[in-house]
Amino acid sequence: MTDLVNDPAFRSYAVCSAILAVKMLFSGTYTSVMRIRNKGFVNPEDATAFGAAASNEVEHPAVAHALRIQRNDGENIPLFFAIGLIYVLNGATPFGAAVYSWTFTIARLLHTVAYTYHLQPWRALSYGVGYACLLGMALQIIF
Amino acid sequence: MTDLVNDPAFRSYAVCSAILAVKMLFSGTYTSVMRIRNKGFVNPEDATAFGAAASNEVEHPAVAHALRIQRNDGENIPLFFAIGLIYVLNGATPFGAAVYSWTFTIARLLHTVAYTYHLQPWRALSYGVGYACLLGMALQIIF
Amino acid sequence: MTDLVNDPAFRSYAVCSAILAVKMLFSGTYTSVMRIRNKGFVNPEDATAFGAAASNEVEHPAVAHALRIQRNDGENIPLFFAIGLIYVLNGATPFGAAVYSWTFTIARLLHTVAYTYHLQPWRALSYGVGYACLLGMALQIIF
């Protein structure tokens, strides 16, 4: 696979995917922090561990908000993992791969910031840019 | 990677993955449409933008329905992205890759239609066909 | 792609991914079983099929618990699918790939057992081990 390691198109995809993966891991930690800070536990064993009141099946608003950030990532970033790789393996130019990968990655990082701080229309805008990157790559693969 | 671009097994996987990615993007848009049409917002900043009443943390039934379609996709299609690729990279025949990829893709497209229009047992059936494709490929990789 | 099929680093990644995929499929089935056993349906068409009372939009606690297991997998395992593959394609040693892949896979299998039987701190511990594997691979890709 030496040809792939030295392919700058693959390199853009690889580094961006790793950055996005780290971001998703940190988003999971953010949810845990919100859970602990607000004593918002739904698993009884967790409520006990943190001396919180009995939990119920409705999430604390701050936890639900954090989970929506994760859910939105979960609906978009795995598409980049798959479609970005196929796009590169299909023989993308280094320029095309870099533009798509970095645009998508920066848009998704800004989306998290905008979602966390309730910044509209920035959240919708950054979502739209990421969406357009995925749609563009997918359509280029199909046609 | 020229050998991969010209591999018909990879081609089936690539085109089907791109179709499924577009479908998932459209499902996200469907959820947004349901949200706007029913004024079912959980983010206060979105409720304000669309002049809706104060949101709460329980989703509108039509939005919850749309989110379940997305969640079911999210539990199945990323498995195809990963397992389908490994199956092809493991040296699948063009015929095997085409049968698995297209059967899975058509089953998942039908699943969305069946879920949207509340059509049982078609939803369960199309889910089962997709499940069988994933299980078949995964077991072939292991053994 | 014959070089990849014979690469022991890719082989570790491939077998572990397939095992994790089968686990995720079984977790989906576990949720369905919990749904049927507790008559906890949110789709009216499913409630009718199983002669259950009219459903509402709040999940039965046992179903919500099963869905949380799936959600936690969904936030972590697709990251392994992507990052594990990039790690291998970047020229991982067979030893490094085997250690990361099997540690992650065993940690995630134990996580499911711990979550199912409400075993803390084992759930948190197995989550942390999987998290560390993903973070380690991602950082090695970036730097």
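Across the interface of chain B and chain A, 10 residue pairs are in polar contact, both residues having pLDDT 80 or more. A polar contact here is a pair of N or O atoms within 3.5 Å; within protein, one must be able to donate a hydrogen and the other to accept it, and residues adjacent in sequence count only if both atoms are side-chain atoms. What you are looking at is a predicted model, in which local features need pLDDT of at least 70, side-chain atom pairs count only at pLDDT 80 or more, and totals for chains, interfaces and linings use all residues. Residues are numbered from 1 along each chain as its sequence is written, chains are lettered from A in the order in which they are written, and side-chain values use heavy atoms, with hydrogens and water left out.

Let us stay with this interface. Chain B brings 28 residues to the contact and chain A brings 30, where contact means heavy atoms within 4.5 Å. Which elements of chain B give two or more residues to the side that touches chain A? They are α1 (2-5), α2 (8-37), α3 (44-49) and α4 (61-89) of chain B, and α2(B) gives the most, with 15 residues. Helices are DSSP runs (H or I, at least four residues), numbered from the N terminus.

There are also three salt bridges between chain B and chain A. A salt bridge puts a side-chain nitrogen of Lys or Arg within 4 Å of a carboxyl oxygen of Asp or Glu. You can find one between the side chains of Arg123(A) and Asp46(B), at 2.9 Å from N to O.

Now turn to the aromatic rings. The whole structure holds 18 aromatic pairs over all chains. Rings of Phe, Tyr and Trp (its six-membered ring) pair if their centres lie within 6.5 Å; planes under 30 degrees apart count as stacked, over 60 as edge-to-face and the rest as tilted. Phe41(C) and Phe50(C) are stacked, because their ring centres are 5.1 Å apart and their planes stand at 15°. Phe41(C) is buried, with a relative accessible area of 7%, while Phe50(C) is partly exposed at 40%. Buried means under 20% relative accessible area, exposed over 50%, and partly exposed in between (1.4 Å probe, protein chains only).

Tyr127(C) and Tyr131(C) have ring centres 5.8 Å apart and planes at 55°, so this pair is tilted. Both tyrosines are buried, and both lie in helix α6 (residues 122-142) of chain C, four residues apart, about one turn of the helix. In chain A, ring pairs link Phe10(A), Tyr13(A), Phe80(A) and Phe104(A) into a cluster.
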